[in-house]
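Trainee: I would like to learn how to read a model like this one. Could you take me through it feature by feature?

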Amino acid sequence: MSRTPPPQEAGHDARRSRQWLAGEAHGAGVDRDGLLELGAAMAALTAAAAEREPVAVAAAPVGVDPGTPIRKPLRPDLLRPLDTNAEMRWTALAGQGYVVPNDRFFVRNHTVTPRLDPDAWRLRLFGTGLRGAPARDTPVEFGLDDLRRLPAEESTALLECAGNGRRFYTDQQDEPAPGVAWDLGGVGVARWRGVRLGTVLRLAGLTGDAVDVMPEGLDPDYVTGGRNLGRVRRPLPIAKALDDVLLAYEMNGEPLPADHGFPVRVVVPGWIGISSIKWVGPMEVSATPLFSPWNTQFYRMFGPGQPAGGGTLAVQSIKSAFELAWDARVTVGEEVLLRGRSWSGAGPIDRVEVDTGDGWRPADLVAADRGGPWQRWTVRWRPPAPGRWVLRARATDVTGAVQPDRAAPNDLGYLFDGVVRHPVTAG
Ligand SMILES: Nc1nc2c(c(=O)[nH]1)N[C@H]1C(S)=C(S)[C@@H](COP(=O)(O)O)O[C@H]1N2
Ligand SMILES: [Mo]
């Protein structure tokens with residue numbers, strides 16, 4: 001659990017954007033002229049439309065079984081399927097400990113979970129940010145055993161999709177946003193074990209000139225809106241890559257499950273889920289800024305109040321959720337112990353307040369969780385009368401950020417942080 005403030009990507013991104021616009025950047029699948037022609041607004045619309053379309057899966061490379069979208073059983077009491085994804089049901093956390101067990105951890109797949117042979121698997125580093133600038137087809141390689149021989153580290157980190165809570169832009173604010181209509185279940189905390197990305201980068205010959213690292217997934221190419229955007233990949237600034245990023249091969253004490261990136265994934269604490277590339281294979285380390293559709297077209301902040309060309313998206317927003325069914329039934333006059341969790345990408349949670357209909361009052365924070373990536377809390381409530389009640393929880397993090405009543409919208413519906421109104425019925 002890192003308490004140092006996460007490196008801010010804004011300055012880096014501004015530089016990266018200038019270079020991109022000046023044509024100084026490269027990157028397969030980044031059609032700069034195409035995107036520039038469209039302009040920021042059009043790019044957002046295209047992305048929006050694309051996200052609504054069913055996913056087309058490109059033909060898998062010979063010898064690779066494209067697999068099914070999600071491999072683990074989707075128990076209806078634990079997970080809710082959403083297209084190629086599945087979100088955790090918050091009731092599935094009731095009575096659980098700090099981490100989310102693997103059987104109920106949310107899955108976000110752009111295409112499908114691939115079947116990879118761990119013996120044949122290699123991490124392949126290349127690019128101008130490494131000594132001798134190895135080419136893509138003559139990379140510095142690490143096998144799974146090589147990584148396991150390096151010093152192992154454990155990190156309890158939160159993973160959350162940038163679109164988590166998106167449905168509340170529609171349901172609470174009447175500001176519909178395209179894309180997967182996540183409730184609040186696109187989030188989880190796990191105990192990850194692996195090797196620091198920084199350790200591997202240095203062994204691979206990292207130079208002082210490196211500015212970006214781009215891990216690339218081995219799942220099938222992402223095809224949307226009639227265009228093949230290539231493999232899922234997103235550049236990571238070198239400062240974050242050398243900070244607290246892990247190449248994980250275990251999740252909650254088990255080998256990384258297939259759906260969560262077996263044999264190895266990237267884990268980028270505090271940052272939007274797309275940074276944490278699963279099934280990582282090739283990894284470009286570059287002395288010039290890198291681009292992909294996942295930091296130019298998707299996972300960027302478009303809309304009013306955002307800079308032309310879109311704003312940076314890196315650190316997750318602040319949220320709270322009750323470990324309770326939507327429209328749960330409670331008994332009039334009988335005390336219930338309401339449980340929930342709050343989290344923020346900017347740092348640990350300092351304070352949580354709950355409103356059960358008669359004003360805000362402090363929730364009791366679970367002491368053992370203080371300083372961690374999320375915070376469990378409880379509040380006692382005796383429903384005073386039959387009928388429909390609305391429960392609300394709002395958190396404050398260590399930076400002083402508080403959940404607002406209304407989230408500031410953006411075209412692609414990322415980073416919802418508003419207070420969610422959770423209905424229950426007392427009878
Ligand atoms: N290779 C690859 N990595 C990926 C994705 C993907 O589709 N392919 N999805 C990303 C997104 S958008 C999120 S939110 C997280 C989800 O991780 P999980 O499925 O383990 O919960 O993985 C990220 N890494
Ligand atoms: Mo995501």
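Trainee: Is leucine 201 buried or exposed?

Mentor: Keep in mind that this is a predicted model. Burial is read from the relative accessible area, and buried means under 20%. Leucine 201 has a relative accessible area of 0%, so leucine 201 is buried.

Trainee: Which element holds leucine 201?

Mentor: Leucine 201 lies in helix α5, residues 197–203. Look also at valine 213, which is 12 residues away from leucine 201 in sequence. In space, the two C-alpha atoms are 9.3 Å apart.

Trainee: Now a charged residue. Where does aspartate 244 lie?

Mentor: Aspartate 244 is in the loop between α6 (238–241) and β12. Apply the cut-off again: buried means under 20%. At a relative accessible area of 14%, aspartate 244 is therefore buried.

Trainee: Which side chain does aspartate 244 contact?

Mentor: The side chain of lysine 240. A polar contact of 3.0 Å joins the two.

Trainee: On to strands. How do I read their pairing?

Mentor: Strands of a sheet pair through backbone hydrogen bonds, either parallel or antiparallel. Take β12, residues 246–251. Six of its six residues are buried, and the strand is mostly covered.

Trainee: How many bridges link β12 with β7?

Mentor: Five, in the antiparallel sense. Strand β7 spans residues 187–196.

Trainee: In which sense do β12 and β14 pair?

Mentor: Antiparallel, over three bridges. β14 covers residues 265–267. Here alanine 248 stands opposite arginine 265.

Trainee: What about β13?

Mentor: β13 (residues 254–255) runs antiparallel to β12, and two bridges join them. Methionine 251 has glutamate 254 in β13 as its bridge partner. The hairpin of β12 and β13 has two residues between the strands. In that hairpin, asparagine 252 takes a positive phi near 50°.

Trainee: How do I describe a whole sheet?

Mentor: Give the strand order, then the sense of pairing. One open sheet has four strands in the order β16-β18-β22-β21, with antiparallel pairing. Its edge strands are β16 (318–322) and β21 (364–365), each pairing on one side only.

Trainee: Which residue stands opposite alanine 321?

Mentor: Arginine 341, in β18. β16 and β18 (residues 336–344) pair antiparallel over five bridges.

Trainee: How do I look for empty space?

Mentor: Rolling a probe the size of a water molecule over the atoms shows where empty space is left. This structure holds four cavities of 30 Å³ or more. The largest cavity contains about 250 Å³ of space. It is lined by 18 residues, and the closest to its centre are Arg108, Arg265, Gly273, Ser276 and Lys278.

Trainee: Last, the ligand. Which residues are the closest to ligand 1?

Mentor: Phe106, Asp219, His260, Arg265 and Lys278, out of 20 residues that surround ligand 1. Next, check distances to polar side-chain atoms. Histidine 260 places a polar side-chain atom 2.7 Å from an oxygen atom of ligand 1. For arginine 265, a side-chain N or O atom is 2.7 Å from a ligand 1 oxygen atom. For lysine 278, the corresponding distance to an oxygen atom of ligand 1 is 2.6 Å.

Definitions and conventions: Residues are numbered from 1 along each chain as its sequence is written. Chains are lettered from A and ligands numbered from 1 in the order in which they are written. This is a predicted model: local features need pLDDT of at least 70, side-chain atom pairs count only at pLDDT 80 or more; totals for chains, interfaces and linings use all residues. Side-chain values use heavy atoms; hydrogens and water are left out. Buried means under 20% relative accessible area, exposed over 50%, partly exposed in between (1.4 Å probe, protein chains only). Two strands pair if DSSP finds at least two bridges between them. On a 1 Å grid over the protein atoms alone, a cavity is a set of points where a 1.4 Å probe fits but cannot get out, and a pocket is an open set with protein on both sides within 12 Å along at least five of seven lines; lining residues have an atom within 4 Å of a point. Grid points are joined across faces, edges and corners, and a volume is the space filled by probe spheres set on the points. A residue is near a molecule or strand if one of its heavy atoms lies within 4 Å of it. A polar contact is a pair of N or O atoms within 3.5 Å; within protein, one must be able to donate a hydrogen and the other to accept it, and residues adjacent in sequence count only if both atoms are side-chain atoms.
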